[in-house]
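Please walk through this two-chain model with me.

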Amino acid sequence: MQSKNLLELAGAISSGAVRVVDLTFTLSPDFPVIVLPPEFGQAAPVRIQEISRYDGRGPAWYWNNVTFGEHTGTHFDAPIHWFTGKDLPNNAVDTMPPKDMIAPACVIDCSAEAAKDPDFVLTVPLVEAWEAKHGRIPERHWVLLRTDWSKKGWRDYSNLRDDGAHTPGPNPAVMKWLVEERRIIGFGTETIGTDAGQAGHFEPPYPAHHFLHGAGRYGLQCLCNLDQLPATGAVIVASPLKIQNGSGSPLRVIALVSAS
Amino acid sequence: MIDPIEPPRRKNPLLRTRLPTSPPRPRSRTSHGFTRAAAEGRFMLQRCEACGAFAYPAREACPACLSAGLAFVDAPRRGTLLAETTARVPSDVYFRERAPWRIGLVRMDCGPTMVAHLHADCAEGAPVLMSFQLDKSGQAVAFARPEGETPNMADDRQWREMTADPKFRRVLVTNGRSVIGQEAAAALKAAGAKTVFVGVAEPWRPFAGEKLLRGQEGIEVVTLDAADEKSAADLAADIGGKVDILVNTTEHVRPGGLLDRRGTSIARDEIDQAYLGFINLAQAFGPAMRMRGADGINNSVAWINILSVYALANWPAFGAYSASQAACLSLSQCLRAELRPGGVKVMNLFTGPVDTEWFQTVPPPKVAPRAVAQAIVSGLRGGLEEMYVGDVAEEIRQRLAANPKALERELDR
Ligand SMILES: [Zn+2]
């Protein structure tokens with residue numbers, strides 16, 4: 001590729017011919033985190049502690065100490081996150097190939113189905129129907145599941161009941177199929193995890209984690225603004241923090257979208 | 001007979017809020033025997049080990065036989081009011097602002113004669129019951145009340161200076177997700193609090209008792225994650241000027257000590273919730289409470305911590321939790337000193353294992369959350385500083401006082 005094209009891209013971003021869509025929630029202490037039974041280890045919540053704010057602690061400057069778990073806010077899952085990917089090479093956020101951080105996306109709009117059923121699951125026939133309209137999902141693409149879940153209030157967003165969370169996600173067959181037959185680079189959702197709220201009861205449990213990470217692919221969750229993306233043609237930039245042997249990280253996810 | 005206090009009117013914004021002042025503070029070291037008694041709601045006097053005579057005020061030798069063996073022991077409270085006087089223009093700023101102020105001379109049935117602050121219904125020649133109370137400078141003073149109940153007894157002006165009665169006051173219960181928090185909110189409301197604000201962290205997470213809590217008149221659910229600096233500061237920005245009583249019901253119990261836990265993440269949560277949460281609450285709400293210590297009928301009066309009695313002695317089965325509680329106990333002493341200029345009491349309520357899911361496998365006796373709530377109310381009404389709720393807490397206290405080393409070995413089971 002000629003450097004001229006890269007400069008054209010930069011120019012198009014600057015002029016607005018290529019739109020930059022922010023797919024990221026603000027990283028804040030009150031954003032819901034994944035809920036595990038309390039006897040398990042818990043993700044540390046986001047904490048923001050002021051070091052100084054133009055005051056006696058530092059007269060001219062404002063800064064914070066920030067702590068959080070790797071899987072808080074809009075975040076990235078690396079293969080090492082799941083037992084299925086634990087022995088793969090370059091499976092952590094610090095060793096993954098940087099080129100995997102930029103890839104195109106197919107956006108499957110299931111917002112109507114998810115509005116009717118919080119336990120909606122994506123299936124192979126649904127993706128095949130999408131392909132009939134938009135073409136076959138190319139290799140090394142992200143598949144992003146649009147549910148408009150990110151537009152909900154946080155109680156409905158986490159949607160916890162006494163039998164667990166009820167949020168949409170993929171079923172086991174479609175995850176296996178997307179990974180093996182479509183060779184996607186990763187799967188992204190608006191919900192709190194890449195898997196459905198009830199996915200612990202699937203076989204295998206948590207199929208998105210199971211199949212994606214077992215094949216060295218990635219996960220993105222707590223995305224927003226997926227409604228601003230076309231079904232095909234957006235390019236996702238998702239570069240997690242380079243945490244030593246990190247299993248994931250909060251990150252800024254942006255999409256480049258041709259404005260025309 | 002005294003008139004009931006009226007619900008306070010809204011403040012006149014043209015008037016400066018009256019700043020707290022303190023009654024005289026100096027005491028001899030020996031006199032702090034009374035401070036301890038007052039803190040725990042006991043009536044203790046020195047009693048001669050040789051001749052059995054009771055002595056007052058604090059002495060180094062028995063006034064009857066000059067023996068040096070004078071120990072503080074629980075003493076009979078009954079006496080007779082011999083004489084009373086009313087100070088109309090005292091020279092001390094604190095008392096001048098509160099004049100007229102009645103004091104009296106009480107002849108105790110057990111011997112000594114005591115100068116005491118008087119409840120308005122005490123009459124010359126009539127029997128009284130004596131107690132030691134912590135005044136606005138945190139020091140013990142003798143206080144005489146009528147022997148029996150009188151109408152609106154707790155509304156007495158001088159008595160209310162010594163106590164932290166929830167009546168007409170506004171209370172913040174910091175954690176309403178717990179049963180203790182919910183019981184405390186209900187008990188404080190029933191005790192006459194005007195409003196009980198109840199903090200709920202992570203409001204997106206449902207919790208048991210939520211519907212009932214949200215439906216109660218006079219109980220206002222607010223978002224508060226005490227462990228989050230900004231959340232505490234944001235809530236204080238909203239209601240910090242009208243929190244008269246703060247009940248810190250932070251509860252984060254996890255079993256385990258050191259060797260059978262891996263890493264520090266559970267300990268970090270314990271410190272985050274209990275210790276840093278305490279600091280956030282203190283920094284957010286403490287300054288306004290200290291400033292509002294003399295702000296009328298509904299002045300700020302008390303801060304309550306619910307602590308595990310294992311703050312006093314480590315229980316290895318819940319060893320790291322015990323340590324987090326010990327840290328909070330230490331903070332409470334710091335807070336007490338810092339709130340003292342405002343006359344705001346810091347009350348620690350020690351409990352043994354509470355009847356909640358985290359102590360499920362611990363055999364009884366366990367403390368019922370309702371008993372903790374009732375202790376909060378009675379502690380406030382009595383103006384106490386230290387309370388031990390339930391058999392386990394009381395027993396740990398006594399065993400610690402008798403032999404700390406024995407207790408350490410006994411807790412290692
Ligand atoms: Zn004697």
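Predicted model: local features only at pLDDT ≥ 70, side-chain atom pairs only at ≥ 80, totals over all residues.

Residues are numbered from 1 along each chain as its sequence is written, chains are lettered from A and ligands numbered from 1 in the order in which they are written, and side-chain values use heavy atoms, with hydrogens and water left out.

Start with the packing of chain B. A nonpolar core is a set of buried Ala, Val, Leu, Ile, Met, Phe, Trp, Tyr and Cys residues joined through side-chain atoms within 4.5 Å. Buried means under 20% relative accessible area, exposed means over 50%, and partly exposed lies in between (1.4 Å probe, protein chains only). The largest nonpolar core holds 44 residues, and B:L172, B:F285 and B:W303 touch the most other members. Several elements of chain B each supply at least two residues of this core, among them α6 (229-239), α7 (265-291), β13 (302-308) and α8 (319-339). The largest share, 7 residues, comes from α7(B). Helices (H or I, at least four residues) and strands (E, at least two) are DSSP runs, numbered from the N terminus.

Now look at B:F285. Contact means heavy atoms within 4.5 Å. Leaving aside neighbours within four places in sequence, B:F285 is in contact with residues including B:L172, B:A232, B:L235 and B:V243. A second, separate core has 35 residues, including B:I180, B:A193, B:V196 and B:M387.

Where do the chains meet? In the interface, 20 residues of chain A are in contact with 18 residues of chain B. The size of an interface is often given as the accessible area lost when the parts come together. Buried area is that loss (1.4 Å probe), taken when two parts are put together and summed over both. Between chain A and chain B, about 1500 Å² is buried, and carbon and sulfur atoms give 47% of it. A:R47, A:R155 and A:L160 supply 39% of the area that chain A buries against chain B, more than any other three residues.

The interface also has charged pairs. A salt bridge is a side-chain nitrogen of Lys or Arg within 4 Å of a carboxyl oxygen of Asp or Glu. The rule finds 3 salt bridges across the interface of chain A and chain B. In one salt bridge, B:D272 pairs with A:R47, and the closest N and O atoms are 3.0 Å apart. On the chain A side, β2 (47-55) and α4 (154-158) each supply at least two residues that touch chain B. β2(A) gives the most, with 4 residues. The residues of this side divide into 11 nonpolar, 4 polar and 5 charged. Here Ala, Val, Leu, Ile, Met, Phe, Trp, Tyr, Cys and Pro count as nonpolar, Asp, Glu, Lys and Arg as charged, and the others, Gly among them, as polar.

Over all chains, the structure holds 41 salt bridges. Take A:R182 and A:E131, whose side chains meet in a salt bridge (2.7 Å, N to O). The pair links distant parts of the chain: A:R182 is in the loop between α5 (172-180) and β11 (186-189), A:E131 is in helix α3 (residues 124-134), and they are 51 residues apart. Both A:R182 and A:E131 are buried.

The side chains of B:R98 and B:E161 meet in a salt bridge (2.9 Å, N to O). B:R98 is buried at 6% relative accessible area, and B:E161 is buried at 13%. B:E408 and B:R409 also form a salt bridge, with the closest N and O atoms 3.0 Å apart. B:E408 is partly exposed at 41%, and B:R409 is exposed at 52%. In chain A, a network of salt bridges links A:D109, A:R146, A:D148, A:K151 and A:D227.

Two single residues remain. A:H213 sits in helix α6 (residues 207-214) of chain A. Why does A:H213 count as buried? Because its relative accessible area is 1%. A polar atom of the A:H213 side chain lies 3.1 Å from the backbone oxygen of A:R217.

B:C110 is in the loop between β5 (101-108) and β6 (113-118) of chain B. B:C110 counts as buried because its relative accessibility is 17%. Not counting residues up to four places away in sequence, B:C110 touches B:L45, B:F54 and B:P76.

Terms used
Polar contact = N/O pair within 3.5 Å; in protein donor to acceptor, adjacent residues only side chain to side chain.
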